[in-house]
Amino acid sequence: MTVLLWILAVLALPLVIAALWFTGVFVKELFSPSPPGPDATALVAERLGLLPAERQDTEHAAPPPAAWSAALAAARGGDWEPAAELLRANGRDWERRSSITAELGTLAAEEDGWLLAWESARPGDPDAAVVRAQGTVYLAWDLRGAKQAQHTSREQFEGFHRMLTAAREEIARAAELNPEDPTPYIVEIWVGLGLGYPGAEMDKLWAKITSRAPYHFGAHYAALQYWCAKWRGSKRQAFAFAERAAAEAPLGSLLTALPLIAHFEHDETTDVAADSTPEMLALVDAGLADAAACAASDPDRPGLAQLRHLLAYYLHLQDRHEAALEQFRLVDGHVDALPWSYRGDGAASYYCRVRNETVGAVADAG
């Protein structure tokens, strides 16, 4: 009888093991979390026509005009003439001239064969000269890198300072070739920031710019960076500069962005209440009016998208979600703007997270 029981036990052992295995699998599936499904707000955003992170353009704040893209594509292929024609046709629109120069200068910092051909074909061309100056400044900052000073090597700093010094000569040449153009001096702000111009020298440079283009958005943005505490100024100086410029500028100039940028650059608290004070509510309302005026007169003006990105962000923090969503829909697809751009490679995902929180809040309210 004992032998028979042992035989039956041995025969039953595989069945017992199988039963225990299936039970273990069942218990694990029962108590383990299921794989996460698609985020509900992301699906709502998609239905609204908003783009996921992988489809956001991280190199522009807004879609570049077709003529700009065509000129850049031609330059990449070695043909400089469309770029030269683009700057010539732009004339004295200093805001756009600076933006076009920045796009071409970025390309020149990467590969300048096309610019060398332009300079060879048209010696003394002020347009080629200002692109050369801009490209040299960008190359200098590329050599330095984006890390903090303690993580930047001596060799990087030496290359950085050497290239910025060379850029000063190119800036002076571009300014001499086109005395009315503020662009060379605007480019020099970034040289002053890097080399540490004293405040009095920056004031002289600023006078040269504002005598030519008193409400130039890009110039004000660059100068504000100089006056920020993280660079050559202080929180007090940055706010004073931003508030004065915004107060003196006409509606539609977009300079209401400056106090918002100053706040963002010096905001060290995680308490969102600091973004919803009566003063901040008034700044955002002024920005909305400024953006609306600009959109009515010049909807493609450089700087408008940057202001809209800031408005979307602060409207979200102020729980003004309907208004925030309106701004998000106007800028969606391009995220190279504050506050997203400071997240580096995570800019698109950060933008989409904040935008989708806004989408969710609007959906819940409805």
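**Salt bridges and a helix crossing**

Biologist: Asp93 forms a salt bridge with Arg96. What makes this pair a salt bridge?

Modeller: This is a predicted model, and in it the closest N and O atoms of Asp93 and Arg96 are 2.9 Å apart. The cut-off is 4 Å between a side-chain nitrogen of Lys or Arg and a carboxyl oxygen of Asp or Glu, so the pair qualifies. Asp93 and Arg96 also belong to a salt-bridge network with Asp298.

Biologist: Why is Asp93 called partly exposed?

Modeller: Its relative accessibility is 27%.

Biologist: Now to another pair. What makes Glu265 and Lys230 a tie between separate parts of the chain?

Modeller: Glu265 forms a salt bridge with Lys230, again with closest N and O atoms 2.9 Å apart. Glu265 sits in helix 13 and Lys230 in the loop between helix 11 and helix 12, so parts 35 residues apart in sequence are joined. Glu265 is buried at 16%, while Lys230 is partly exposed at 42%.

Biologist: Helix 13 also packs with helix 15. Why are these two helices called oblique to each other?

Modeller: Their angle is about 55 degrees. Roughly parallel needs under 35 degrees and roughly perpendicular starts at 65, so helix 13 and helix 15 are oblique.

Biologist: Which residues meet there?

Modeller: Among them are Leu260 and Phe264 in helix 13, and Leu310 and Tyr314 in helix 15. By class, the contact has nine nonpolar, one polar and no charged residues.

Technical notes. Residues are numbered from 1 along each chain as its sequence is written. This is a predicted model: local features need pLDDT of at least 70, side-chain atom pairs count only at pLDDT 80 or more; totals for chains, interfaces and linings use all residues. Side-chain values use heavy atoms; hydrogens and water are left out. Axes are lines fitted to C-alpha atoms, for helices over the stretch in contact, and angles run from 0 to 180 degrees between N-to-C directions. Helices (H or I, at least four residues) and strands (E, at least two) are DSSP runs, numbered from the N terminus. Angles under 35 degrees count as roughly parallel, over 145 as roughly antiparallel, 65 to 115 as roughly perpendicular and the rest as oblique. Contact means heavy atoms within 4.5 Å. Ala, Val, Leu, Ile, Met, Phe, Trp, Tyr, Cys and Pro count as nonpolar, Asp, Glu, Lys and Arg as charged, and the others, Gly among them, as polar. Buried means under 20% relative accessible area, exposed over 50%, partly exposed in between (1.4 Å probe, protein chains only).
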